[in-house]
Amino acid sequence: TQAVTTATFTKVQYATKTRDTHGWYDNVTNYRYTPLAPGTYMVAVAVAFDSVTATKEVIVSIYRNGAELFRGSRAAVSASTFHDAPAACLVAMNGATDYLEVFAYHDHGSDRNITAGALANYFTATRVSNI
C-alpha cells in the first residue's frame, strides 16, 4: 500500500515484478523502467485507489526522463471501494539514458492509498519497433 497526498502528483512505486526478461525495471530504488535497446515501446499503466468519493478524479501519468509525456484520467461516478485510471501510449526510447516513471494524482481532499495487490495496478512496456 502506498499513500498519495491529495492534489499532488506522486511517483508510483510498483514494487512487485511478475516478468522482467532483461531486468530493466528497478523495483527497489528508483521505480523506473530504463530499456537498454533503442526503439518504440508500447507502454500501458494503471493505478487504483482505495475508498473513492463520487465526482472526484484519479489521474495516472507516464513520465519520460522526468517530464510528463501522457496522462489518463477517470472521474468516479459514485462512491466505491476502489477506483482506477488507465493510460497507454507509444514512446520512442534511445536505449541508453531514457527512462519511464509513473505518477498518480487524486483530488479527494485527504490522503488515499493505492489499492494493494489490485489487478488494476500495472506498468507494462514492450518494444514494438527498433526504430
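Glu101 is buried, with a relative accessible area of 5% (buried means under 20% relative accessible area with a 1.4 Å probe, protein chains only). This is a predicted model, in which local features need pLDDT of at least 70, side-chain atom pairs count only at pLDDT 80 or more, and totals for chains, interfaces and linings use all residues. Residues are numbered from 1 along each chain as its sequence is written, and side-chain values use heavy atoms, leaving out hydrogens and water.

**Glu101**
- Glu101 sits in strand β9 (strands are DSSP runs of E, at least two residues, numbered from the N terminus).
- Its side chain makes a polar contact with the side chain of Arg32 at 3.4 Å (a pair of N or O atoms within 3.5 Å, one able to donate a hydrogen and the other to accept it).

**Asp98**
- Asp98 lies in the loop between β8 (80–93) and β9 (100–106).
- Asp98 is buried but has no salt bridge, and Arg64, the nearest side chain of opposite charge, is 5.3 Å away (a salt bridge is a side-chain nitrogen of Lys or Arg within 4 Å of a carboxyl oxygen of Asp or Glu).
- The side chain of Asp98 makes a polar contact with the side chain of Asn65 at 2.7 Å.
- A polar atom of the Asp98 side chain lies 2.8 Å from the backbone nitrogen of Asn94.

**Nonpolar core**
- Val45, Val47 and Phe123 touch the most other members of the largest nonpolar core, which has 28 residues (buried Ala, Val, Leu, Ile, Met, Phe, Trp, Tyr and Cys residues joined through side-chain atoms within 4.5 Å).
- β5 (39–52), β6 (57–64), β8 and β9 each give two or more residues to this core, and β5 gives the most, with 6 residues.

How values were computed. Helix = DSSP H or I, 4+ residues; strand = E, 2+ residues; numbered from the N terminus. Buried < 20%, exposed > 50% of the residue type's maximum accessible area, 1.4 Å probe, protein only. Lys, Arg positive; Asp, Glu negative; His and termini not counted.
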